[in-house]
Amino acid sequence: MNKPPAWTSREESLLLLNAYLDNELDAASVLDVERRIGADATLKAELGRLVELRNALATQVSKERASDAFRQRIAAIADVPKGSPAAAQRTRPSGRSFDWRQMAAAAALAAVLASAGTYVALQQTASTGEIAEIVAGHQRALLAAAPFDVASSDHHTVKPWFDGKLALSPQVVDLNDAGFPLAGGRVDVVDGKPVPAIVYKRRQHVISLIAVPHPGSTDGGEPLTHATRDGYFLLGWPGRDFHYTAVSDLAQPELEEFAARWRSAATR
Amino acid sequence: MDERQLFAEVVMPHLDDALSLARWLTGSVTDAEDVVQEACVRAYAAIATARSNPRAWLLAIVRNTAFTWLAKNRPKSVVVTDDDAVFEKASLEMIDRSQEMTPEAVLIAKADSEQLKRAIAGLPLAYREALVLREIEGLSYQEISTVMSIPIGTVMSRLARARNLLIQRIGMAGKGKAGAA
C-alpha cells in the first residue's frame, strides 16, 4: 500500500508493544521492543497508557459469578442420559447440587471403577486421593474472596509466614521476572495434614503450588509427572525436602514453563 | 468415565468464564445465562470431542452459540463482524504527546467501573471479544486464536486496536467530564 514507511513501522511497534505487555514475545523480540521503547518517548508514553488501561480493567471489571441456582440448572443438563427421554423426568435432590466435595468424591470413585483403557488421565506419584484433595483445595481457594491467607509478592514475607504457621519452610522462589508474580500463601490439607500452598499468578490465572513434606527428598531433574482433574492440570516434581505439585487452569505448556522456571530457580 | 462425569469435569469448572464471555458478547447477564445454558447443552451433546484445553473448547462453543443468538435477537450487531474493510479504517493512532505528562494515562487511571464497562460495550464486536478473552478471561494469544478461529496475527491487531479505541474513548469521556465541570 501507499502508507509511508514510518507509519508501517509505527503500527508494527504498537502491535509489538501490545504483545510485549501481554508477555507473548520471545526473548529476542523483548530486547528489540525494550530498545525501541528506550529510544522513543512516544512509544514509552503509549506503553504507560496501556499499562494504566490494563490496571483499570483488572481492578474495575470483574468476572461474572454463576449463581448457585444457575449452576444447578447447568449441572442438571447432564442428568439426562442421551437418547433416553424417559430419564428426563429424574430430578436432582434439592439443595446444592453442585459441590466440589461430591465432584471430587465422584471423580475418585470413577477413577477406581474405570476399567483399563477407558480413560487414562493420571500418571503421577501423588495418590489419586491426594490429587483430588489438591484440586479441591485449589477450587475452594478460587471460590474464596482471595486465593490466599497471606497476601504478599515478597517471598521474604511468605516463607516466614509458613514457618510461623506450620513450622515448615518450603522453598518460595521469586518468578516475577518470568511473568509469574507471587501472590501469597495459604494452608491446604492433604492426606489429613496441613501443608503449605504457595500462590502465584499468571495474568488472571491462579497457580497453587502445594508443598508436601518429604524429608530427604531432592530435585534430581526427574521428569514432571502429569495429571488432570476437573479441568485442571497438575504437574509434580521433587524438591528439597518437599514434593511440589502445581495446579492451575492454565494451558499445559504454560504450566510446564512455570514448573521448569521454578525448578531452575530453586536449584540455583 | 461416563459422559455425565466428563461434563462435571470439563464444563462445570469453567461456568464463570463462560458466563463472563457471554455477558460481554450479548450485553446482559440474563441473556448471557440463556446463551451459556444453550452452549452447555451443545457441549454436553459434543462432550466426546472435548479437547486437552477444556476451557478454550467450552469458550469456543459459548462464542458460537452467542453469535447464533445475536444473529437471531440482535441482527444489526453481527453484520460487520468479519468485515476486514471496516477494521482497516479503524487504523491505529498514536498521538504524540510525549512531552506532556500523558493525560490519557491519568484519565484512564481515574476511570470508574461504569465508564470502563460502557467503553468496552461500545467496542465493535470483533474487538470486544478479543479484549474480553484476553483481559477478563486471561487467555493466551494461542488460545484466543483457537476460540475465535483467527490467525495469531489477527489476534494481535484486534487486541491492539481494541485497546487503542478504549484509551481514546476513555480519554475523551474524561475530558468531556472535566470540561463540563
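Predicted model: local features only at pLDDT ≥ 70, side-chain atom pairs only at ≥ 80, totals over all residues.
**Exercise 1. The make-up of chain B**

Task: Determine how many helices and strands chain B has, and state what percentage of its residues count as buried.

Solution: 
- Step 1. Chain B has 11 helices and 0 strands.
- Step 2. Along the sequence, the pattern of chain B accordingly reads α-α-α-α-α-α-α-α-α-α-α.
- Step 3. Chain B comprises 181 residues, of which 49% count as buried.
- Step 4. Among the contacts in chain B with a separation of 6 or more, 70% are made by residues 24 or more positions apart.

**Exercise 2. Two packed helices**

Task: Describe how helix 9 and helix 10 of chain B pack, giving the angle and the distance between their axes.

Solution: 
- Step 1. Two packed helices are described by the angle between their axes and by the distance between those axes.
- Step 2. Helix 9 covers residues 125–136 of chain B, and helix 10 covers residues 141–148 of chain B; the angle is about 135 degrees and the axes are 10 Å apart.
- Step 3. An angle over 145 degrees would count as roughly antiparallel, and one of 65 to 115 degrees as roughly perpendicular. Helix 9 and helix 10 of chain B are therefore oblique to each other.
- Step 4. The crossing of helix 9 and helix 10 of chain B is right-handed.
- Step 5. Helix 9 of chain B contributes Glu129(B), Ala130(B), Leu133(B) and Arg134(B), which meet Ile144(B), Val147(B) and Met148(B) of helix 10 of chain B.
- Step 6. Sorted by class, this contact of helix 9 with helix 10 of chain B has 5 nonpolar, no polar and 2 charged residues.

**Exercise 3. Where the chains touch**

Task: State how many residues of chain A are in contact with chain B, and identify which element of chain A gives the largest share of that side.

Solution: 
- Step 1. In the contact between the chains, 51 residues of chain A face 57 residues of chain B.
- Step 2. The elements giving two or more residues to the side of chain A that touches chain B are helix 1 (5–21), helix 3 (41–60), helix 4 (68–77), helix 5 (100–113) and helix 8 (252–266) of chain A.
- Step 3. Helix 3 of chain A gives the largest share, 13 residues.
- Step 4. By class, the side of chain A that touches chain B has 24 nonpolar, 9 polar and 18 charged residues.

**Exercise 4. Residues in loops**

Task: Decide whether Ala167(A) is buried or exposed, and do likewise for Asp230(A) and Pro151(B).

Solution: 
- Step 1. A residue is buried if 20 or more other C-beta atoms lie within 10 Å of its own, and exposed if 12 or fewer do.
- Step 2. Ala167(A) lies in the loop between helix 7 (155–166) and strand 3 (182–190) of chain A. Ala167(A) has 7 other C-beta atoms within 10 Å, so it is exposed. Its phi is positive, about 55 degrees, although Ala167(A) is not a glycine.
- Step 3. Asp230(A) lies in the loop between strand 6 (225–229) and strand 7 (232–239) of chain A. Asp230(A) has 23 other C-beta atoms within 10 Å, so it is buried. Asp230(A) is not a glycine, yet it has a positive phi of about 55 degrees.
- Step 4. Pro151(B) lies in the loop between helix 10 and helix 11 (152–180) of chain B. With 10 other C-beta atoms within 10 Å, Pro151(B) is exposed.

**Exercise 5. The span of a helix**

Task: Check what span helix 2 of chain A should have at 1.5 Å a residue.

Solution: 
- Step 1. Helix 2 of chain A (residues 27–39) has 13 residues and should span 18 Å.
- Step 2. The end C-alpha atoms of helix 2 of chain A are 19 Å apart, which agrees.

Terms used: Residues numbered from 1 in each chain as written. Chains lettered and ligands numbered in written order. Axes fitted to C-alpha atoms, helices over the stretch in contact; angles between N-to-C directions. Helix = DSSP H or I, 4+ residues; strand = E, 2+ residues; numbered from the N terminus. Parallel < 35°, antiparallel > 145°, perpendicular 65-115°, else oblique. Left-handed = near helix turned anticlockwise from the far one by under 90°. Contact = placed C-beta atoms within 7 Å. Nonpolar A, V, L, I, M, F, W, Y, C, P; charged D, E, K, R; others polar. Expected span 1.5 Å × (residues − 1).
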